[in-house]
Amino acid sequence: MSNVHVINHPLIQHKLTYIRNKETGTKEFRELVDEVATLMAYEITRDMPLKDIEIETPLVKTKAKVLAGKKIGIVPILRAGIGMVEGILNLMPAAKVGHIGLYRDPKTLKPVEYYVKLPNDVSERNFIVVDPMLATGGSAVEAIHALKKRGAFSIKFMCLVAAPEGVTALKEAHPDVDIYIAGLDEKLDDHGYILPGLGDAGDRLFGTK
C-alpha cells in the first residue's frame, strides 16, 4: 500500500475518537472535522517544492525559502466534503476551491456526476479531493475521473475514515493518486457503511437525518 498514507499523529487520532463518538453534537463534530482537516493538510503538503528568494530582515539581506511549483486546488465531493474545506484553507488561504456533486443511480447503484465546477487553470494545479469517508470507493473514483477528464493530472485524495474495500477500489482505478487517511477501519457492513466508522458524515456535519 505504498501510495496509502495513514496519518497516525496523536492529535489527529485524539480528535478522530471524538468525531466517531455518537455523543458528539453537530457543533463540536463540525469543529473537530475542521481541526483534523487542518492537521491532515499539514501532512499532505509535506512534499511541496520550495525555492530560494532573497529578502531583507531588519538586520541583513538573506536567502529564504518560499513555495514553488503548481498552485493548489481543493475539491470537496458534495455534500460532506464541504466540511473539510475550511480546515485546509486555514493553512492554504490562496487555494482555489472546486466542487463535484455525485448521486447514486438507483438501478445501477453507480455514482453519476451531476455538478462539476472547477478553477479555470485545471492543468496547472495540484488538486486535493476531500470527502470524510471512503466506503465502497465509488464516489472517490468517479470524482477523480471527473477531474482527469477535464485536464487534471496531479491529484491527492484525503479522507477521515476508510474501509479497506474503498482503498482497494481507489488504488485499482487510480494508482497514480496518493491516498491520505486518518483512520483505516475494519470493513463495510451489508449496507455499505464503514465499521466502526462515524455514522453519516453529512448528517452529522449539517444536523440532518
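Good morning. The largest pocket in this predicted model is lined by 30 residues, and Arg104, Asp131, Ala135, Thr136 and Ser139 lie nearest its centre. Two or more lining residues come from each of these elements: strands E4 (71-78), E6 (99-104) and E9 (133-134), and helices H4 (138-148) and H6 (201-206). H4 gives the largest share, 5 residues.

A pocket here is an open set of points on a 1 Å grid over the protein atoms alone, where a 1.4 Å probe fits, with protein on both sides within 12 Å along at least five of seven lines; lining residues have an atom within 4 Å of a point. Helices (H or I, at least four residues) and strands (E, at least two) are DSSP runs, numbered from the N terminus.

By class, the lining holds 15 nonpolar, 9 polar and 6 charged residues; Asp, Glu, Lys and Arg count as charged.

Residues are numbered from 1 along each chain as its sequence is written. Local features need pLDDT of at least 70 and side-chain atom pairs pLDDT 80 or more, while totals for chains, interfaces and linings use all residues; side-chain values use heavy atoms, without hydrogens or water.

I turn now to one residue. His174 sits in the loop between helix H5 (164-173) and strand E11 (178-184). Is His174 buried or exposed? His174 is buried, with a relative accessible area of 1%; buried means under 20% with a 1.4 Å probe, protein chains only. Leaving aside residues up to four places away in sequence, His174 touches Asn3, Val141, Ile144, His145 and Lys148, a contact being heavy atoms within 4.5 Å.

Notes. Buried means under 20% relative accessible area, exposed over 50%, partly exposed in between (1.4 Å probe, protein chains only).
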